[in-house]
Amino acid sequence: MSALLRFVNRAALHRTLAVRGIKTSPKKDETAAIATPVTKEDFANPNPKNWVSYGFDHKDETNDRNSTKASFFFAVTLCLVWGTFFWAYLPDTQMRDWAQREAFLELRRREKAGLDLVSPNYVDPSTIVLPSDEELGDTEIII
């Protein structure tokens, strides 16, 4: 959402920056702290002179703040919080939980039947072709 608003405001920003130059002279509004005492009205001013935009709207402060708050609401609350919640409770599409449950059930069945947990003849020994002693030669066999 912020990218869309920034894209819309990009042309206006480029026109504004092309017209304005960088000024290095002292500001017109700067005054010494002794000359202007701070009043209650300065603290409660809803439209301060030195407003800095968040980048959503460079002309209207209210629209800029509302766009910022809406953007962060959608990004944080909806995407991160609800997205994480949704992702955490998705069904098990890889069947990992099912395979683990089946393994525990098979182990329990084999223990009750008095069988080995893993059969030594899981693969039929007659189907395995091993090399002869002459073919192995001096090859070191590590068991």
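Helices here are DSSP runs of H or I of at least four residues, strands are DSSP runs of E of at least two, and both are numbered from the N terminus. On that basis, the chain has five helices and zero strands, and its pattern along the sequence reads α-α-α-α-α.

Two remarks on the source, colleagues. The structure is a predicted model, in which local features need pLDDT of at least 70 and side-chain atom pairs count only at pLDDT 80 or more, while totals for chains, interfaces and linings use all residues. Residues are numbered from 1 along each chain as its sequence is written, and side-chain values use heavy atoms, with hydrogens and water left out.

I turn to the chain as a whole. Of its 143 residues, 8% count as buried, where buried means under 20% relative accessible area, exposed means over 50%, and partly exposed lies in between (1.4 Å probe, protein chains only). The accessible surface comes to about 13,700 Å², and carbon and sulfur atoms hold 61% of this surface; the areas come from the Shrake-Rupley method with a 1.4 Å probe, and for residues only the protein chains shown count as cover. Among contacts (heavy atoms within 4.5 Å) between residues at least 6 apart in sequence, 32% join residues at least 24 apart.

Next, the aromatic residues. Rings of Phe, Tyr and Trp (its six-membered ring) pair if their centres lie within 6.5 Å; planes under 30 degrees apart are stacked, over 60 edge-to-face, and the rest tilted. A search of the whole structure finds three such pairs. One of them joins Phe73 and Phe74, edge-to-face, at 5.5 Å centre to centre and 70 degrees between the planes. Phe73 is partly exposed at 43% relative accessibility, and Phe74 is partly exposed at 39%. Phe85 and Tyr89 form a tilted pair, with 5.1 Å between centres and 50 degrees between planes. Here Phe85 is partly exposed at 46%, whereas Tyr89 is exposed at 64%. Ring pairs link Trp82, Phe85 and Tyr89 into a cluster.

In helix 3 (residues 61-88) we find Ser67. Is Ser67 buried or exposed? Ser67 is buried, because its relative accessible area is 11%. A polar atom of its side chain lies 2.8 Å from the backbone oxygen of Asn63.

Just after helix 4, Gly114 takes a positive phi of about 80 degrees.

Notes. A polar contact is a pair of N or O atoms within 3.5 Å; within protein, one must be able to donate a hydrogen and the other to accept it, and residues adjacent in sequence count only if both atoms are side-chain atoms.
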